[in-house]
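User: I'd like to learn how to read a few features of a protein model. Could you walk me through them one by one?

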Amino acid sequence: MALIAAIICSTMLVSINAHIAQSTHHKQPLPPFSCDSTNPSTKSYPFCNVDLPIEKRAHDLVSRLTLDEKISQLVNKASAVPRLGIPYYQWWSEALHGVAMATGVENGFAFNGTIRAATSFPQVILTAATFDENLWYQIGKVIGTEARAIYNEGEAIGMTLWSPNINIFRDPRWGRGQETPGEDPFMTSKYAVSFVRGIQGDSFEGGQLKDGRLQASACCKHFTAYDLESWNGNNRFTFNAHVTKQDMADTYQPPFKSCVEQGRASGVMCAYNLVNGVPNCADYDLLTKTARGEWGFQGYIVSDCDAVSLIYEKQNYSKSHEDAVADVLKAGMDVNCGSYLAEHTKSAIEKGKVSESDIDRALYNLFTVRMRLGLFNGNPRKLPYGNLSRKDVCSHKHQNLALEVARDGIVLLKNSANLLPLSKSETKSLAVIGPNANDSRTLVGNYAGPPCKTITPLQGLMKYIKKTKFHPGCNSVNCTSIASREAIKLSKSADYVVLVMGINQDHEREELDREDLVLPGQQQNLVTRVAKAAKNPIILVLLCGGPVDISFAKDNSKIGSILWAGYPGQAGGKAIAEMVTTIQEEGFL
């Protein structure tokens, strides 16, 4: 009972704190914007005239900047230009499966004001398993809505979301495979189009962005042939991917082509790695001839963070700092995530490596996107999307969608003798065992913002079967030691056992690839011991992004059912509990 009380109390406190944070009365700050109608000094600027085409407005704005001011706009931390009424802008924002933030660095969204959470959907690999383009669109739409709402409340300093990740998940050991829709270029292309249209405020069918206006800006990454972090002496910062023309055309480029041509994404991120000896961010054929020329891309191209510095300092492709600046700007890149262009562009101009027109080209693309976001049209609260506010963040509708996606994405891998769903009338007691059973952090995967609330598998199952007891079984997900005696004793005492195993971000993430696909430590030993001791066949639930080898469980008659639940997001525990006790028609076998 003490355990139950602690879990319920913890859940209530999270919900109460979130409610207090979002309902506290405060003086609402204005979101950052330019061309304030109450400021007479800006009325005379053509770039503030909303009756002019955005192309003319962007060119006018760029023409008014000094060289130093221009250079200050070539990095993700774009400086303010007070004399023109232009505020500071942060290009870097994350929204992989919900409005998020990268830890340890400044992002467009910090969640340190009165809005402390956003709807956290399942990690992308699980979302893709729904095979539902409309769901993908709805997720994007919610993310774009919540991003705009947070911005309208004056609690964001950027609206350019660096998502989705549409790289191809070729090697199952890749630590970031979880962020992608998977290994199939066709499905990844479909995902890209639906997600981007949702974020940017387009219709599901596309073609409905009035005057090019954006709800938020989506950015397809990482362009291109990127699927390695650090493995066997290779790392993503210097890796040279050898790709044939056919493999490029058949595998790596289709998602980006669809993202641009059909999704009309307003951003693209070039990847760290080289392809056939040329760094992606310095590849004119890739960025200008292909993306802009062949596909008709109209938006901005950003480097992955500090990728430009690597071209000279690590990859030894450029001969100097100034040559690296020239290589990326002439290739068609527009903005550097990092400070490299701010530090070396002026020297590149002085040495004749770069002309001011190269900078103007990049700035035109950058300010065009900011204008399409409405950031140069006066107070955003008085413009389209201006009605979005804190009431549109973590709404019941959005949270119910997160549950629906998790429910539809979970995959039933095995169900011997129709073990699932468990009969509520015949299941008087339940044992829940495993290191992932009650860890809310595991649910959300990586690149996640603070969720509205979380329901762990243990919490979800306790709501369906009251007599539920829990033991982690392992000392951690690494499972270097197991509490076999306690786990076996608990499994013998219950009608049924649910084991929640798998991996977490300690085993797969950005900058961390896996060496193998087996369950960590003694997890397999724990599963087989508990299965052998249990009264009835057990249910094995796996939380993981990349695949794990559970061939040992396939033909074990004491392991009756197996569920793959990915990283199922804030409502993952409820979705898992529903699959165990009231299995949904949408569940895939």
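**Disulfides, helices and a sheet**

Analyst: Let's start with a bond: C305 and C337 form a disulfide, with their sulfur atoms 2.0 Å apart. A disulfide here is a pair of cysteine sulfur atoms within 2.5 Å. Keep in mind that this is a predicted model, where local features need pLDDT of at least 70, side-chain atom pairs count only at pLDDT 80 or more, and totals for chains, interfaces and linings use all residues. Residues are numbered from 1 along each chain as its sequence is written, and side-chain values use heavy atoms, leaving out hydrogens and water.

User: Which parts of the chain does the pair C305 and C337 tie together?

Analyst: C305 sits in the loop between strand 11 (300-303) and helix 10 (307-313), and C337 in the loop between helix 11 and helix 12, so the link ties together parts that are 32 residues apart in sequence. Helices (H or I, at least four residues) and strands (E, at least two) are DSSP runs, numbered from the N terminus. The torsion about the S-S bond of C305 and C337 is about 70°, so this disulfide is right-handed. Both C305 and C337 are buried, and buried means under 20% relative accessible area, with exposed over 50% and partly exposed in between (1.4 Å probe, protein chains only).

User: How many disulfides are there by this rule?

Analyst: The count comes to six. Counting bonded cysteines along the chain, the pattern is 1-2, 3-4, 5-6, 7-8, 9-10, 11-12. Another of these bonds joins C270 to C281, S to S 2.1 Å, and with 105° about the S-S bond that link is right-handed. The link of C474 and C479 is left-handed, at -60° about the S-S bond, and both of those cysteines are buried.

User: Now helices. How do I read a packed pair?

Analyst: Two packed helices are described by the angle between their axes and the distance between the axes. Axes are lines fitted to C-alpha atoms, for helices over the stretch in contact, and angles run from 0 to 180 degrees between N-to-C directions. Helix 11 (residues 321-331) and helix 12 (residues 340-350) pack at about 100°, with axes 8 Å apart. That makes helix 11 roughly perpendicular to helix 12; angles under 35 degrees count as roughly parallel, over 145 as roughly antiparallel, 65 to 115 as roughly perpendicular and the rest as oblique.

User: Which residues of helix 11 and helix 12 make the contact?

Analyst: Contact means heavy atoms within 4.5 Å. Helix 11 brings H321, E322, A324, V325, V328 and L329, while helix 12 brings Y340, L341, H344, T345, S347 and A348.

User: And the sheet?

Analyst: Strands of a sheet pair through backbone hydrogen bonds, either parallel or antiparallel. Two strands pair if DSSP finds at least two bridges between them. Here six strands form an open sheet with mixed pairing, in the order 12-17-16-15-13-14. Its edge strands are strand 12 (411-415) and strand 14 (468-471), each pairing on one side only. Strand 15 (residues 496-502) and strand 16 (residues 538-543) run parallel, joined by five bridges; V500 has V541 in strand 16 as its bridge partner.
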